[in-house]
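Me: Could you take a close look at one part of this model for me, the place where two of the chains come together, and then walk me on from there?

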4 protein chains.
Amino acid sequence: MAGNSFGQLFRLTTAGESHGPGNVVIIDGVPPGLELSEEDLLGDLARRRPGQSKITTQRQESDQPEILSGVFEGETTGTSIAILIRNQDQRSRDYTEIKDKYRPGHADLTFDAKYGHRDYRGGGRSSARETSVRVAAGAVAKKMLRQFHGVEVVGYVRQVGNLVANVPDPETVTLADVESNIVRCPDSAIAGQMIELIERMRSERDSIGGVSELVATGVPAGWGEPVFDKLKADLGKALFSLPAVLGVEYGAGFRVASMRGSENNDPFVPADDQTPRIHTVSNRHGGMLGGISSGMPIVLRCAIKPTSSLPQPQPTVNRAGEATTIATKGRHDPCLLPRFVPMGEAMVALVLADHCLRQRAQMGS
Amino acid sequence: MAGNSFGQLFRLTTAGESHGPGNVVIIDGVPPGLELSEEDLLGDLARRRPGQSKITTQRQESDQPEILSGVFEGETTGTSIAILIRNQDQRSRDYTEIKDKYRPGHADLTFDAKYGHRDYRGGGRSSARETSVRVAAGAVAKKMLRQFHGVEVVGYVRQVGNLVANVPDPETVTLADVESNIVRCPDSAIAGQMIELIERMRSERDSIGGVSELVATGVPAGWGEPVFDKLKADLGKALFSLPAVLGVEYGAGFRVASMRGSENNDPFVPADDQTPRIHTVSNRHGGMLGGISSGMPIVLRCAIKPTSSLPQPQPTVNRAGEATTIATKGRHDPCLLPRFVPMGEAMVALVLADHCLRQRAQMGS
Amino acid sequence: MAGNSFGQLFRLTTAGESHGPGNVVIIDGVPPGLELSEEDLLGDLARRRPGQSKITTQRQESDQPEILSGVFEGETTGTSIAILIRNQDQRSRDYTEIKDKYRPGHADLTFDAKYGHRDYRGGGRSSARETSVRVAAGAVAKKMLRQFHGVEVVGYVRQVGNLVANVPDPETVTLADVESNIVRCPDSAIAGQMIELIERMRSERDSIGGVSELVATGVPAGWGEPVFDKLKADLGKALFSLPAVLGVEYGAGFRVASMRGSENNDPFVPADDQTPRIHTVSNRHGGMLGGISSGMPIVLRCAIKPTSSLPQPQPTVNRAGEATTIATKGRHDPCLLPRFVPMGEAMVALVLADHCLRQRAQMGS
Amino acid sequence: MAGNSFGQLFRLTTAGESHGPGNVVIIDGVPPGLELSEEDLLGDLARRRPGQSKITTQRQESDQPEILSGVFEGETTGTSIAILIRNQDQRSRDYTEIKDKYRPGHADLTFDAKYGHRDYRGGGRSSARETSVRVAAGAVAKKMLRQFHGVEVVGYVRQVGNLVANVPDPETVTLADVESNIVRCPDSAIAGQMIELIERMRSERDSIGGVSELVATGVPAGWGEPVFDKLKADLGKALFSLPAVLGVEYGAGFRVASMRGSENNDPFVPADDQTPRIHTVSNRHGGMLGGISSGMPIVLRCAIKPTSSLPQPQPTVNRAGEATTIATKGRHDPCLLPRFVPMGEAMVALVLADHCLRQRAQMGS
């Protein structure tokens with residue numbers, strides 16, 4: 001229970017550090033008969049990969065996955081799938097500074113407090129490098145969801161700093177829309193400004209936060225459990241488990257605080273030509289009622305903090321407890337948002353895949 | 001895995017419906033030797049109880065708990081603790097309307113989609129009535145946390161509609177402050193206005209949302225796991241598992257979206273007379289870094305939607321799929337916030353109790 | 001993880017002590033739509049009940065179950081089912097002796113070592129009284145298995161002392177055969193001798209061990225997981241989790257130690273008129289190959305030790321560490337076997353119900 | 001919940017097949033600060049390795065482990081440890097026969113029934129090859145148990161066919177005694193006969209079963225949970241999860257069936273010079289009372305069936321359902337016992353390591 005597993009039936013377990021030999025995930029519970037190869041993982045891994053564009057960190061990692069088990073003759077066998085991604089760019093660096101200083105906003109001090117020691121190699125297990133295998137597992141989840149129920153999970157950047165995208169219909173955004181620019185914002189009018197802002201942050205040796213929106217379409221009504229494992233609860237946990245997430249909301253989110261019930265409730269309307277089942281026209285409930293999917297698109301948003309590592313000097317304390325300053329020399333992202341998108345999608349897909357199987361276990365389909 | 005259990009080592013499992021015989025919780029993993037009696041549960045149960053004040057629902061429940069096991073001669077034995085709270089006010093009501101109509105904003109339709117049937121007795125398992133035993137379990141968690149580490153968990157109402165309380169130092173708010181008024185807002189200047197607003201909602205047959213803030217002080221640095229079971233992730237799940245929560249944030253929360261790293265990072269400062277360990281002065285990180293507690297107060301906020309059940313007619317659909325209207329006749333809260341506070345505290349305490357034991361399992365203390 | 005839950009998808013959690021208010025079980029994961037009432041539980045509870053015949057303990061318990069949740073209008077709802085069985089015969093007794101002495105063969109000393117205290121009320125949580133709610137849950141599992149797949153689970157007494165029953169075709173034994181005598185042995189020729197032996201044990205203030213055989217028919221091929229959660233592994237755990245079980249075997253069991261492969265392998269034979277699928281004629285593999293059900297009857301045996309509590313004086317040690325003697329005054333079974341049968345059946349049914357749902361989760365049926 | 005994880009707090013998750021790229025284990029929950037390197041794993045891996053002596057299979061595997069994570073500067077970090085063992089001898093073989101025939105005694109038919117397909121490469125996931133990483137994980141568990149509590153786990157061969165070793169004091173057998181001959185039997189008088197018998201089986205193209213005894217010394221009183229997760233239950237599951245195990249017993253085992261309580265009970269005796277705590281002189285309870293360790297040596301026995309794969313022709317059925325014969329051409333063990341010993345030890349050590357941490361979680365030490 002040291003927290004390296006996620007999910008109940010579609011379940012992943014991970015290991016690996018930023019500057020060790022590599023990262024590995026074991027995915028348990030995948031049904032047999034799904035076509036799967038390393039090719040299927042490359043797309044999302046490339047979207048998460050460092051060094052992918054001028055507005056991300058320049059660390060170079062090819063992130064080439066090796067499927068070690070669970071696939072035979074091009075199909076999943078039903079047994080556990082292990083995927084290994086070796087680290088490549090373990091640049092020999094001068095750890096002297098970081099070794100004895102606590103980086104503000106990082107897990108250095110809390111790791112030390114927890115374990116009584118510190119893996120100072122670029123953050124060790126607390127580095128975002130561990131998300132590579134989450135993204136690989138998420139790609140498997142997406143395949144299963146698409147094949148079983150036609151579910152699609154798409155994420156994008158909704159806000160960078162004070163620049164907020166206009167996305168009137170989240171459920172219509174496609175992967176192509178998202179990938180049409182390097183900041184992954186479907187509002188092309190503002191995407192350019194976001195890129196400029198991020199480049200300015202790099203030049204000012206600073207960083208900037210933002211908001212990512214995540215949308216799942218095609219989810220049948222009925223997924224999620226009524227009490228603790230509400231779909232919103234498992235999605236909330238999934239997104240908060242990603243580095244740098246300080247807030248999660250769905251549907252109307254924090255706006256509900258100032259709303260009346262008569263404004264906020266989404267009235268049910270009968271089935272019609274376009275929607276062959278009872279539905280709502282508005283979607284302030286973000287696709288979940290009582291924590292169970294309603295059949296409407298699931299829409300979530302995450303607040304991502306600005307990167308903590310900064311090339312500019314910041315006041316801090318060393319392990320001896322003395323005041324000092326630190327300026328990170330490593331290669332970091334001036335804004336986490338573009339690379340966050342595939343991570344967020346992966347976590348949403350993993351939760352949905354899990355609840356897909358949970359629903360099938362209890363209800364038979 | 002039907003989602004009626006919560007936690008790994010300090011683990012509760014619940015059962016019960018709104019209008020059945022009662023609700024029961026089994027708490028597993030509580031260390032032996034803790035003094036415990038039904039008395040210890042009454043305080044928080046009274047704070048959650050319906051009918052407690054003029055601004056809550058008028059359903060009357062005494063919520064008298066019976067400890068069925070796990071306590072002997074006034075102390076926990078180390079074996080599983082079962083607590084039963086029988087329902088009393090199962091008023092014989094006319095279910096005709098609700099039985100065949102889907103209430104907007106409720107789980108009626110999603111339950112039906114999930115299970116193929118519906119427990120229409122006031123919401124069945126999806127009613128907030130199930131939180132009574134969560135609050136009882138939370139009281140046990142609070143006792144353990146206080147005794148083992150001096151941890152205190154206090155929640156309060158931060159916002160109702162557009163009325164936002166001024167709470168400059170969340171970590172200094174006491175239970176007495178919170179309980180000084182029936183809306184549970186420590187800013188007495190605005191509490192009166194909140195009460196008025198809620199009463200106005202009732203008279204207008206409407207409801208209003210809000211924000212609750214939850215604070216845990218005394219949590220040692222080092223709790224939480226580095227990857228999936230980050231403390232923030234488990235707290236996020238815990239709070240999203242409560243009815244009506246549409247958003248959760250901690251520390252600076254959604255404000256980080258428009259901040260720079262140089263603004264947002266909390267610099268570490270050396271130990272001093274008042275704080276005998278490395279700490280931060282600001283607390284935009286809300287007491288968690290890398291998902292692990294930093295020793296600073298943990299500060300979270302939840303967005304709570306306005307009650308969905310409304311005495312005014314709302315458009316909806318019946319089980320036959322035809323358009324109709326519904327006006328709830330039951331006794332409901334015009335604002336969920338005052339009764340949410342003990343529920344939110346309970347969930348925070350349960351997560352902390354779990355991670356307290358998890359830390360002890362791996363690290364020995 | 002204090003071990004009061006069992007199963008993954010069909011999952012029970014229990015609480016309760018021998019001389020407290022009662023025992024409770026929460027069953028999570030039961031599919032909706034199963035007809036269920038307290039009546040369904042009474043049969044097996046009566047078979048487990050103390051005081052049922054002259055060869056069992058004379059403690060009187062009616063073991064009347066109350067379903068607290070999860071059933072509405074006579075059918076399971078899909079949400080968690082809580083069942084409460086209150087204790088009745090909590091005879092005011094003189095605990096002086098037992099309070100300070102460790103009963104040989106009992107958990108007194110190990111409980112004390114574990115928890116640092118002792119619930120001396122008749123064994124507390126380590127009493128076989130906790131099995132009452134397992135049997136109730138097992139009755140629910142049996143209903144589901146029968147309805148979904150026609151699975152039947154039947155147990156009986158195979159051996160008492162040196163008296164071994166002749167049961168040539170375990171898969172043909174019916175509940176009626178088992179219940180045709182109070183010792184629950186389908187070999188009526190030897191059942192009478194077994195009863196005499198048990199009565200002699202009582203008169204000699206001693207007890208006697210035995211072997212119970214458990215048979216599940218109708219289990220489809222394919223249940224069980226290939227590595228850790230082999231069906232044989234989960235069944236083994238289930239049976240070892242019952243009090244007094246010192247050995248478990250299936251199929252040829254310990255006899256395989258002296259067999260050759262050419263003798264032990266069960267050859268596969270083609271489908272024929274009576275068995276419309278590939279099968280084996282012999283069943284030394286006890287219905288499981290590679291830990292996965294083969295479609296043949298599952299046949300297990302448990303070795304049950306003679307009751308440890310004896311009315312005759314036995315040497316032991318008190319809590320002060322001094323030598324003393326103890327003679328149990330309570331009402332105990334001179335042979336555990338007759339009452340073990342429904343407990344063993346329940347545990348087998350619970351494991352099968354769990355794997356039934358697990359198979360459905362991953363494979364869809 | 002597809003059964004590729006084991007343990008609650010000291011938890012392993014595995015993946016890998018007989019003839020795929022390799023096997024991998026992720027161990028979660030290991031405390032930080034344990035010295036660990038690949039060297040520590042080699043001893044037990046060599047004892048499990050195929051091709052180790054003339055009485056085992058001649059498949060050649062060097063079983064060289066690579067630690068991918070969780071160890072830094074020679075010590076465990078507290079985060080998840082991944083160990084990879086690549087397969088080497090994936091001899092290009094003629095699968096034609098095995099591909100379409102069900103080998104008697106193997107999981108071929110049950111895998112097919114479960115998953116709807118078959119990984120015919122030497123058994124795929126159901127091959128004993130997956131135990132390599134269990135043994136590696138067991139070596140880590142042994143290190144922790146030895147360092148924390150001085151616990152030692154030793155296994156040996158007690159019986160091969162009708163040859164039964166004389167081992168009067170199981171708790172005194174050392175690793176050196178066990179390793180003094182290739183059959184791993186500490187009774188040197190009979191070890192030679194066992195080796196001869198196994199060689200004869202190979203020459204007769206047959207195989208032979210046996211019994212392995214497993215002993216854990218130094219286990220403190222108090223480990224194990226009182227109800228479902230009794231120490232005996234978790235040990236029973238662990239051993240039944242190994243291939244070819246058809247029976248498990250501890251202490252007096254199946255002999256209790258014909259014993260009286262007055263014979264079977266182990267009387268407690270006061271502490272004395274050699275044993276500074278209350279103990280028993282006899283150990284018919286095998287070190288566990290009420291499923292909780294008593295402080296006496298834990299003694300278990302497993303019945304292992306004769307290898308199912310035989311070079312001699314056996315009647316069987318092909319996938320088309322037609323009668324045929326099969327003679328396995330692969331390289332198999334004529335007796336599984338010598339290589340079973342380290343597997344059995346590993347599973348015992350993993351269970352004890354898990355309960356060590358569970359005890360610490362709830363009780364603090």
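Reply: Happy to! Let's start with strand β11 (residues 245-250) of chain A, which is joined by three bridges to strand β11 (residues 245-250) of chain B, the two running antiparallel. Strands here are DSSP runs of E with at least two residues, helices are runs of H or I with at least four, and both are numbered from the N terminus; two strands pair if DSSP finds at least two bridges between them. Within this pairing, A:Val248 stands opposite B:Val248.

A word on the source: this is a predicted model, where local features need pLDDT of at least 70 and side-chain atom pairs count only at pLDDT 80 or more, while totals for chains, interfaces and linings use all residues. Residues are numbered from 1 along each chain as its sequence is written, with chains lettered from A and ligands numbered from 1 in the order in which they are written.

Now step back to the whole interface: 93 residues of chain B are in contact with 93 residues of chain A, contact meaning that C-beta atoms, placed from the backbone, lie within 7 Å. On the chain B side, helix α7 (residues 231-240) gives the most, with six residues. By class, that side divides into 40 nonpolar, 37 polar and 16 charged residues. Here Ala, Val, Leu, Ile, Met, Phe, Trp, Tyr, Cys and Pro count as nonpolar, Asp, Glu, Lys and Arg as charged, and the others, Gly among them, as polar.

Conventions:
Two residues are in contact if their C-beta atoms, placed from the backbone, lie within 7 Å.
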